[in-house]
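Got the sequence and the model open? Let's walk through what's in there, one topic at a time.

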Amino acid sequence: MPKREEAGTVLVWGVVVRLSHWLVAAIVLFNLFNDTGPVHRYAGYVAAGAVLLRVIYGLSRARDDAAHLGLPSWVAIRQHLHELRQRQVHRTLGHNPVGMLMALLLWALVLALAVTGWMTQLDAWWGEDWLINTHEYLAWALQACVLGHWAGVLVMSWLQQENLAKAMVTGRKPRL
């Protein structure tokens, strides 16, 4: 349950959520431009660790907590997409159904990149082109999803008249 700490706002994203978000974002950006070597590899492992921390934290939260992780229902997804087409979306304190799907996809891609990157260092798969190509394709998919994430934040901020990026910095959102 969000905590009321300022008049008109609620604390939605706690420190674990915000730190893991920005740490992963920084590492993804760093690794985009530094794509080889041990620093790239270890940074990827740190990103995977931050994702695992966020997932464990989200699974341990109550259902009414914005940080709670759960698969949205297809009914909720269809309803949200219908509202988007009508440009009449309902505000949520946490992720909307499509935003939750995007978060899960981004985290899955970061974890898949960590696993494929780790596998390229094992004797059993050293120099395997299919594995290196898979790692590269996953990186391209992650970059595309990051762009989709940014677009979603911008569109939803505009539709809801609310600065969602600011909420990920401060942790606070206006009350519903």
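**The big picture**

- Reading from the N terminus, the order of elements is β-β-α-α-α-α-α-α-β.
- The C-alpha trace spans about 55 × 35 × 25 Å along its principal axes.
- The chain has 176 residues, and 36% of them are buried.
- Among contacts with a separation of 6 or more, 68% link residues 24 or more positions apart.

**How confident is the prediction?**

- The mean pLDDT of the chain is 92, with 96% of the residues at 70 or more.
- Strand β1 (residues 3–6) has the lowest confidence, a mean of 52, while helix α4 (residues 97–119) has the highest, at 97.

**Strand β2 and Val10**

- Val10 sits in strand β2, which covers residues 9–11.
- Is Val10 buried or exposed? Its relative accessible area is 9%, so Val10 is buried.
- Val10 and Thr120 are 110 residues apart in sequence, and their C-alpha atoms are 45 Å apart in space.

**Helix α1**

- Helix α1 runs over residues 15–33, which makes 19 residues. From its first C-alpha to its last, α1 reaches 27 Å, close to the 27 Å expected at 1.5 Å a residue.
- The buried residues here are Val17, Arg18, Ser20, Val24, Ile27 and Asn31.
- What covers them includes α2 (37–59), α4 and α6 (164–170).

**His40 in helix α2**

- His40 is found in helix α2.
- With a relative accessibility of 17%, His40 counts as buried, because the cut-off is under 20%.
- Which residues does His40 touch, leaving aside its neighbours within four places in sequence? Its contacts are Asn31, Asn34, Asp35 and His135.

- Does the span of α3 fit its 13 residues, or what should you expect? At 1.5 Å a residue they should span 18 Å, and the end C-alpha atoms are 18 Å apart, so the two agree.
- Ile77, His80 and Glu83 are the buried residues of α3. They cover an arc of only 125° around the axis, which means they lie on the same side of α3.
- As background, an α-helix has 3.6 residues a turn, so residues three or four places apart point the same way.
- The face turned away from the buried side carries the exposed residues Trp74, Val75, Arg78 and Arg85.
- The buried residues of α3 pack against α4 and α5 (129–160).

**Where α3 meets α4**

- Two packed helices are described by the angle between their axes and the distance between the axes.
- For α3 (residues 74–86) and α4, the angle is about 115° and the axes are 8 Å apart.
- On the α3 side, Ala76, Ile77, His80 and Leu81 take part, and they meet Pro97, Val98 and Leu101 in α4.
- Sorted by class, this contact has six nonpolar residues, one polar residue and no charged ones.

**Helix α5**

- Helix α5 has 32 residues and reaches 46 Å between its first and last C-alpha, close to the 46 Å expected at 1.5 Å a residue.

- Most residues other than glycine have a negative phi.
- Arg87 has a positive phi, near 55°, although it isn't glycine. Arg87 follows α3, in the loop between α3 and α4. Its relative accessibility is 59%, so Arg87 counts as exposed.
- Gln161 also isn't glycine, and its phi is positive, near 55°. At 66% relative accessibility, Gln161 counts as exposed.

Technical notes. Residues numbered from 1 in each chain as written. Predicted model: local features only at pLDDT ≥ 70, side-chain atom pairs only at ≥ 80, totals over all residues. Heavy atoms only, no water. pLDDT = per-residue confidence, 0-100. Helix = DSSP H or I, 4+ residues; strand = E, 2+ residues; numbered from the N terminus. Expected span 1.5 Å × (residues − 1). Buried < 20%, exposed > 50% of the residue type's maximum accessible area, 1.4 Å probe, protein only. Contact = heavy atoms within 4.5 Å. Axes fitted to C-alpha atoms, helices over the stretch in contact; angles between N-to-C directions. Nonpolar A, V, L, I, M, F, W, Y, C, P; charged D, E, K, R; others polar. Arc of directions from axis to C-beta.
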